[in-house]
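Here are my notes for your first read of this model. Keep the structure open beside them and find each residue as you go.

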Amino acid sequence: KRLLVLAHREELLLQARDKFHLINPELKVEIEQAGARASTDAKVVIASVPTLARNGTRLSQLQPEEFSIIVVDEAHHAVAPSYRRIFDHFSLFERNVPRYLIGFTATPRRGDKQGLGEVFEEVCYARDMREMIAGHYLCPISGWRVDTDLSLDDVKVRHGDFVESQLARV
């Protein structure tokens, strides 16, 4: 069967395509996004979530029975309604459906406290950040301290980050 890879940004789509081509240059890997359409004989379809979820027409062209695995890159986004629409199309939450949902993320804890357990059943593999740095998958952490007289007391925090528009004003 075919493999569907979901990502929410163009650079992630291109990165996934390039990785598949590195592993197997003969594998037919195509992107489904905006003006790009994956052919029905592509073994791997790398699709833009906004494109598939926008109006459903593009999503309806992907026949669920043709796909056995759906992979979500940046899986911490998978609880969003746009992703859920796609998952429902593939009947991923129905019992006895022979399809697997797999997610990859470096951000398993969301700032809004919404749990990934709403979408994924279990964490089957995890790597510690120190291990990833030691393996050169991540760069070493470095921090800078900036001394300033500015006060950020009135800048609101949303999902663990400062609200950029308010931060810019300050």
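1. Start with the lining of the largest pocket. By class, this lining has 26 nonpolar, six polar and 11 charged residues. Bear in mind that the model is predicted.

2. Now look at the pocket itself. The space in the largest pocket comes to about 1,900 Å³. Its lining is made of 43 residues. Find A75, G103, F104, T105 and Y125, which lie nearest the pocket's centre.

3. Which elements give two or more residues to the lining of the largest pocket? They are α1 (residues 10–23), β4, β5 and α5 (residues 129–134). Of these, β5 gives the most, with five residues.

4. Next, turn to helix α4, which covers residues 81–89. Its buried residues are Y83, I86 and F87. Seen down the helix axis, they fall within an arc of 100°, so they line one face of α4. An α-helix has 3.6 residues a turn, so residues three or four places apart point the same way.

5. What covers the buried residues of α4? The cover includes the strands β1 (2–7), β4 (67–73) and β5 (100–104). It also includes the helices α2 (49–55) and α3 (57–60). After α4 comes S91, whose phi is positive, near 55°.

6. The largest nonpolar core has 24 residues. Within this core, L4, L6, F87 and F90 touch the most other members. At least two core residues come from each of β1, β3 (44–48), α2, β4 and α4. F87 is also one of the buried residues of α4. As a general point, nonpolar side chains in soluble globular proteins tend to be buried together.

7. Take F90 as a worked case. Leave out residues up to four places away in sequence, and F90 touches L4, L59, L62, P64, F67, I70, V97 and R99. A second, separate core has 11 residues, including L3, A7, A16 and V44.

8. Finish with S48, which sits in strand β3. Why does S48 count as buried? Its relative accessibility is 5%, and buried means under 20%. S48 touches A7, L13, E32 and Q33, again not counting residues up to four places away in sequence.

Conventions: Residues are numbered from 1 along each chain as its sequence is written. This is a predicted model: local features need pLDDT of at least 70, side-chain atom pairs count only at pLDDT 80 or more; totals for chains, interfaces and linings use all residues. Side-chain values use heavy atoms; hydrogens and water are left out. Buried means under 20% relative accessible area, exposed over 50%, partly exposed in between (1.4 Å probe, protein chains only). Helices (H or I, at least four residues) and strands (E, at least two) are DSSP runs, numbered from the N terminus. The arc is that of the directions from the helix axis to the C-beta atoms. Contact means heavy atoms within 4.5 Å. On a 1 Å grid over the protein atoms alone, a cavity is a set of points where a 1.4 Å probe fits but cannot get out, and a pocket is an open set with protein on both sides within 12 Å along at least five of seven lines; lining residues have an atom within 4 Å of a point. Grid points are joined across faces, edges and corners, and a volume is the space filled by probe spheres set on the points. Ala, Val, Leu, Ile, Met, Phe, Trp, Tyr, Cys and Pro count as nonpolar, Asp, Glu, Lys and Arg as charged, and the others, Gly among them, as polar. A nonpolar core is a set of buried Ala, Val, Leu, Ile, Met, Phe, Trp, Tyr and Cys residues joined through side-chain atoms within 4.5 Å.
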